[in-house]
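Here's a quick tour for anyone opening this one for the first time. Have a look at the sequence and the model, then go through the notes below.

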Amino acid sequence: MNIVFVEPLGICECKFNTGVTALKAQGHQLTFYPDRQENEDILIERAKDADIVVISNIPLKKRFFEHCPKLKMLSVAFTGVDHIDLKECRKRRITVCNAAGYSTQAVAELTIGMIISLYRKIIGGDAITRISGDRQGFLGCELNGKTIGIIGLGAIGQRVAQLAHAFGCKVLAYNRHFKQIENVTQVDKQTLLKHSDIISVHIPSNEETRNFINTDEFALMQSHAILINTARGPIVNQHALYEALKKEQIAGAALDVYNQEPPLPADLELFNAPNLLMLPHLGYATHEAFAIRFGIVVRNIEMWLQGITQNKVQ
């Protein structure tokens, strides 16, 4: 099989060579590209003769698959696959597997970090210190004793719940299906929004969850509440969030995801929103998560070659 890693996945070539030793020993041809390119023509040139392609969150649309006729398996080094044209993959009988679970700890830790950053005004504190200011106006809040509402009890949502409980938080959760989880009280969506000091989003992006948090939802939140979104951008309506912050319906928000991947357009409305922490989609980006991800990607390929599919999404 001709196996092509069209991008480096955050690892160096030496770690790549170590991780694919077994595949090489089986006689498979492997190509590793050490640079990330999002230009579709470049991606097509790299993948046009591949039987198996490995890619992370770069969008792959119909034209890509039309120019890669030999493609049989796509190993996606990402949890979500909403950037992949799955309809085209089904049409061409291309197996698609993801790397579910690789970034659970990384995203959960960042979620807690974003909460603390908002509560303790860390970004502003750094800025004022650098211009010889003092702590006046920097009275913060503690997590201990707060109620955190977690929307979505997948692996990341559950891990956030555990970390929040360790900080002394009461944990509410909304999930499509009931799950019996220690120290977590499951409630309906409206109850969670009304009674949470912190609301953290951990659901997938699809037609059902698009604009899951919109104008009506912000109206239910407490004025001192903060919103954290490390899931997917379209889940939270960006304009509604801007208005909620501007009108002080909520006290603050922190985003790691948007309607598009960063870099964001210079005229983005959210740039003018008060009390908003914005990060460039780095929740999954840790050395540890990248190492786990590479291992999952390679294992998905090895299992598929044996006729066994794991982490299959299509």
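Let's start with E7, which is buried at a relative accessible area of 3%; buried means under 20% relative accessible area, exposed over 50%, and partly exposed in between (1.4 Å probe, protein chains only). Before going on, note that this is a predicted model, where local features need pLDDT of at least 70, side-chain atom pairs count only at pLDDT 80 or more, and totals for chains, interfaces and linings use all residues. Residues are numbered from 1 along each chain as its sequence is written, and side-chain values use heavy atoms, with hydrogens and water left out. Helices (H or I, at least four residues) and strands (E, at least two) are DSSP runs, numbered from the N terminus.

**Salt bridges**

- Side chains of opposite charge can pair when their charged atoms come close. The count here is 15 salt bridges, each being a side-chain nitrogen of Lys or Arg within 4 Å of a carboxyl oxygen of Asp or Glu.
- E7 pairs up with R36 in one of these salt bridges, with the closest N and O atoms 2.9 Å apart. E7 sits in the loop between β1 (2–5) and α1 (13–19), and R36 in the loop between β2 (29–32) and α3 (40–47), so the pair ties together parts that are 29 residues apart in sequence.
- While E7 is buried, R36 is partly exposed at 37% relative accessibility. Together with E38, E7 and R36 are linked in a network of salt bridges.
- D35 and R46 also meet in a salt bridge, at 2.8 Å from N to O. This pair links distant parts of the chain, eleven residues apart: D35 is in the loop between β2 and α3, and R46 is in helix α3 itself.
- D35 is partly exposed, with a relative accessible area of 28%, whereas R46 is buried at 11%.
- Another salt bridge joins the side chains of E217 and K189 (3.2 Å, N to O). E217 belongs to helix α10 and K189 to helix α9 (residues 189–195), so this pair ties together parts that are 28 residues apart in sequence.
- E217 counts as buried at 14% relative accessibility, and K189 is buried with a relative accessible area of 14%.

**Strands and how they pair**

- In a regular strand the side chains alternate between the two faces of the sheet. Strand β3 (residues 52–55) is covered on both faces: I52 and V54 are buried on one side, and V53 and I55 are buried on the other.
- Two strands pair if DSSP finds at least two bridges between them. Three bridges join β1 to β3, and these strands run parallel; V4 stands opposite V53 in β3.
- β3 also runs parallel to strand β4 (residues 73–76), with four bridges joining them. Here I55 stands opposite V76 in β4.
- Further along, strand β6 (residues 147–151) is joined to strand β7 (residues 170–174) by five bridges, and the two run parallel. To get from β6 to β7 the chain passes through helix α8 (residues 155–166), and this β-α-β crossover is right-handed; that is, with the strands pointing away from the viewer, the path from the first strand over the helix to the second runs clockwise.
- I150 stands opposite A173 in β7.
- β7 is also joined to strand β8 (residues 184–186) by three bridges, again in parallel, and V171 stands opposite V184 in β8.

**Helix α11**

- Along helix α11 (residues 238–246), Q238, A240, L241, Y242, A244 and L245 are buried. These buried residues pack against α10 (215–220), β10 (226–229), β11 (252–255) and β12 (276–278).
- At the start of α11, a side-chain oxygen of N237 comes to within 3.2 Å of the backbone nitrogen of H239.
- Just after α11, E248 has a positive phi of about 60°.

**F65 and its surroundings**

- F65 is found in helix α4 (residues 62–66) and is buried, with a relative accessible area of 0%.
- What is F65 in contact with, leaving aside its neighbours within four places in sequence? The partners are L60, L71, L74, I84, D85, E88, C89, R92 and I94, where contact means heavy atoms within 4.5 Å.

**Cysteines**

- The structure has zero disulfides, a disulfide being a pair of cysteine sulfur atoms within 2.5 Å. For C97, the nearest cysteine sulfur is that of C89, 11 Å away.
- C97 counts as buried, at 1% relative accessibility.

Terms used
Polar contact = N/O pair within 3.5 Å; in protein donor to acceptor, adjacent residues only side chain to side chain.
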